[in-house]
Amino acid sequence: LLDLPAGIEFTKSTQVENQTEEFTSLFWAIATAVFLVFLTMAIQFESPRFSIVVMISIPFALIGSFSALMLFGATLSMPSLMGFLMLVGIVVNNGILFIDTANMMRNEQGQSASEALTNAGILRMRPIFMTTLTTILAMVPMAIGLGDNGEIMRGMALVIIGGLFASTVLTLLLLPSFYLIF
């Protein structure tokens, strides 16, 4: 350590303080988004149980997001954190489609849970893949870094692409198991 004269001390620069404040605000925004998404689904499903099952797709998305950032050497930045914020709302859509269809088949057609999950997977796989693929393809130009601010926004696109890919695959493979457990 440096031996500083009396009255002299280290401080953070204004830029570092502003950045810390912005990151903190964005983390709170992400936490608020997760809570609001959960609350909305609990109201729509009329059960917090199914909301929890759908919310499991968010950690699946984190696996893909962090993997994509590491794979392509991108850093955790303000735009990439905004990508996480967007991802909270995007990735639950696949789970909602899947769980809602399974619940409808159980309630209206009297199917067993495993039968309803199998049929929901068959019925909803194509729409889930189509919506996922269109979103991923829309993010590819940004992930490549095209345009004036391409490099700045690259982190956001990588977070969304990686998160959406991993969440879709893991949701279709693992969500039925969590549904049966809950």
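Predicted model: local features only at pLDDT ≥ 70, side-chain atom pairs only at ≥ 80, totals over all residues.
This is a short walk through the structure above, from the whole chain down to single residues.

Residues are numbered from 1 along each chain as its sequence is written, and side-chain values use heavy atoms, with hydrogens and water left out.

Let us start with the overall plan. The chain has six helices and zero strands, where helices (H or I, at least four residues) and strands (E, at least two) are DSSP runs numbered from the N terminus. Following the sequence, you will therefore read the pattern α-α-α-α-α-α. The C-alpha trace spans about 80 × 35 × 25 Å along its principal axes. The radius of gyration of the chain is 21 Å, while a compact globule of 182 residues would have one near 16 Å. That radius is taken over C-alpha atoms, and the globule rule is 2.2 Å times the number of residues to the power 0.38.

How much of the chain is buried? Buried residues account for 40% of the 182 residues. Here buried means under 20% relative accessible area, exposed means over 50%, and partly exposed lies in between (1.4 Å probe, protein chains only). Of the contacts between residues at least 6 apart in sequence, 71% join residues at least 24 apart; a contact means heavy atoms within 4.5 Å.

Now look at helix α2, residues 48–55. Its buried residues are F50, S51, V53, V54 and M55. The cover over them includes α1 (14–45), α3 (57–71), α4 (78–109) and α6 (150–181). At the start of α2, a side-chain oxygen of S47 comes to within 3.2 Å of the backbone nitrogen of R49.

Phi of E46 is near 60°, a positive value in a residue other than glycine. Most residues other than glycine have a negative phi. E46 counts as exposed because its relative accessibility is 71%.

Within helix α1 you can pick out T32. T32 is partly exposed because its relative accessible area is 40%. The C-alpha atoms of T32 and L85 are 9.6 Å apart, although 53 residues separate them along the chain.

Next comes the loop between α4 and α5 (113–144), which holds Q111. Is Q111 buried or exposed? Q111 counts as buried, because its relative accessibility is 15%. The side chain of Q111 makes a polar contact with the side chain of Q109 at 2.8 Å. A polar contact is a pair of N or O atoms within 3.5 Å; within protein, one must be able to donate a hydrogen and the other to accept it, and residues adjacent in sequence count only if both atoms are side-chain atoms. Leaving aside neighbours within four places in sequence, Q111 is also in contact with M105, R106, A116 and N119.

Our last stop is R124, in helix α5. R124 counts as partly exposed because its relative accessibility is 26%. Which residues does R124 contact, leaving aside its neighbours within four places in sequence? They are L97 and T101. R124 and F98 are 26 residues apart in sequence, and their C-alpha atoms are 6.4 Å apart in space.
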